[in-house]
Amino acid sequence: MKIFAISLFKLVLKIIYSPLKLLKTKNQIVYLSRQRNQKDIDIELLEKAISQKSPETKQVFRLKMIDDGISSKIKYLFYIVGDMYYLATSRVAILDTYSIPVSCLKHKKDLTVIQMWHALGAIKKFGYQAFGTKEGRDEKTSRALCMHKNYDYVLAPSAATGVFYKEAFNVDASKIKICPMPRVDYITDSKSPAERFFKLNPGLGDKKLVLYLPTFRKRDAYVCQQLKNEFDNLQDYQLLISKHPLSEMSVEEKYLPNGNFNSFELMKLADIIITDYSACAFEASLLMKPLYFFVPDFDEYMGDRGINVDVRQEMPNEVYFEADKLVDSIKNNNYCFDELYSFKNKYVENFSSSACEIISTFIMKILGE
């Protein structure tokens, strides 16, 4: 019944889209996202770079999360019609997640679709890789919705990541474009919000800041508590927790800094970074600060989702299953930067130009400019 409803839904979309494709294609780029309601740093930086190269190119932003509840989902169906209009009239579509109208519809030949995934890599399996796992998408529903179809290019920050993306998006290797994400420029720009941070948090100036960036999973509160128990007894360290946007975990105020600081800013401020299966590990590695992996639920997670990057092999000296041993290593200042350097270079390749320069130049070529 569900598959039949999806087929009927796609048929309605095709009927609506057919006359829209008769509209004239404009010198226009449309950004689509179900991951956020506002521009993130990647979109902001790319928008600016393209505007500088081609101010006459129109850039349209269709950013809309699907909220819980039937009414929100019904409203989103009407929102999709707007997406379809801009897909029919644009020359380039840039996505950061799966898009229903992009994947379910047949588009004009002069539309180029670029998948600029919302993470700088993939430690955990996702998309087509995760079919059949506890946390993966249902395969029949995903295939009925044509998940990740119609991509002309998928941007990947390294050849190693490109292999995972080829599997996760189910695309041919020829569609993988090796280039960094715009956020790489932001993370490595040497600009720090330290002055603003310590003005708002004067009591943290004499402490080492330990930033914990967990991925989203049902056990996140339990795993986080283990770190809290250890760091609560340390006077010289302050544990800061930046939870995943989808997490419902409650975080006490003492682990949250005053002020509005995004995860990238907190990475720049931190002395030490701890994560698990989150792609933020790749972003953190760019800063070449001590990066640890705390994975007490490794076996369970392998059963729930599976991983692309086995951090036990990539960085064996910096992977911990027990919070007390992790904290002992931090206190002893015992860190292998050679492992971190190899990890960084493998998963985020070095490029001769800035990320925004590379991507914007690539898009200008597509536009014929």
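Asp276 counts as buried because its relative accessibility is 0%, where buried means under 20% relative accessible area, exposed over 50% and partly exposed in between, with a 1.4 Å probe and protein chains only. The model is predicted: local features need pLDDT of at least 70, side-chain atom pairs count only at pLDDT 80 or more, and totals for chains, interfaces and linings use all residues. Residues are numbered from 1 along each chain as its sequence is written, and side-chain values use heavy atoms, without hydrogens and water.

Asp276 sits in the loop between β9 (272-275) and α11 (280-285); helices (H or I, at least four residues) and strands (E, at least two) are DSSP runs numbered from the N terminus. A polar atom of the Asp276 side chain lies 3.0 Å from the backbone nitrogen of Thr215, and the side chain of Asp276 also reaches the backbone nitrogen of Ser278 at 3.3 Å. Beyond four places in sequence, the residues in contact with Asp276 (heavy atoms within 4.5 Å) include Thr215, Arg217 and Phe293.

Thr215 is also touched by Asp220, as are Ser247 and Met249, not counting residues up to four places away in sequence. Asp220 belongs to helix α9 (residues 220-231). Asp220 is buried yet has no salt bridge, that is, a side-chain nitrogen of Lys or Arg within 4 Å of a carboxyl oxygen of Asp or Glu. The nearest side chain of opposite charge to Asp220 is Arg217, 6.5 Å away; Lys and Arg count as positive and Asp and Glu as negative, with His and the chain ends not counted.

In helix α1 lies Phe4, which is exposed because its relative accessible area is 56%.

How values were computed. A polar contact is a pair of N or O atoms within 3.5 Å; within protein, one must be able to donate a hydrogen and the other to accept it, and residues adjacent in sequence count only if both atoms are side-chain atoms.
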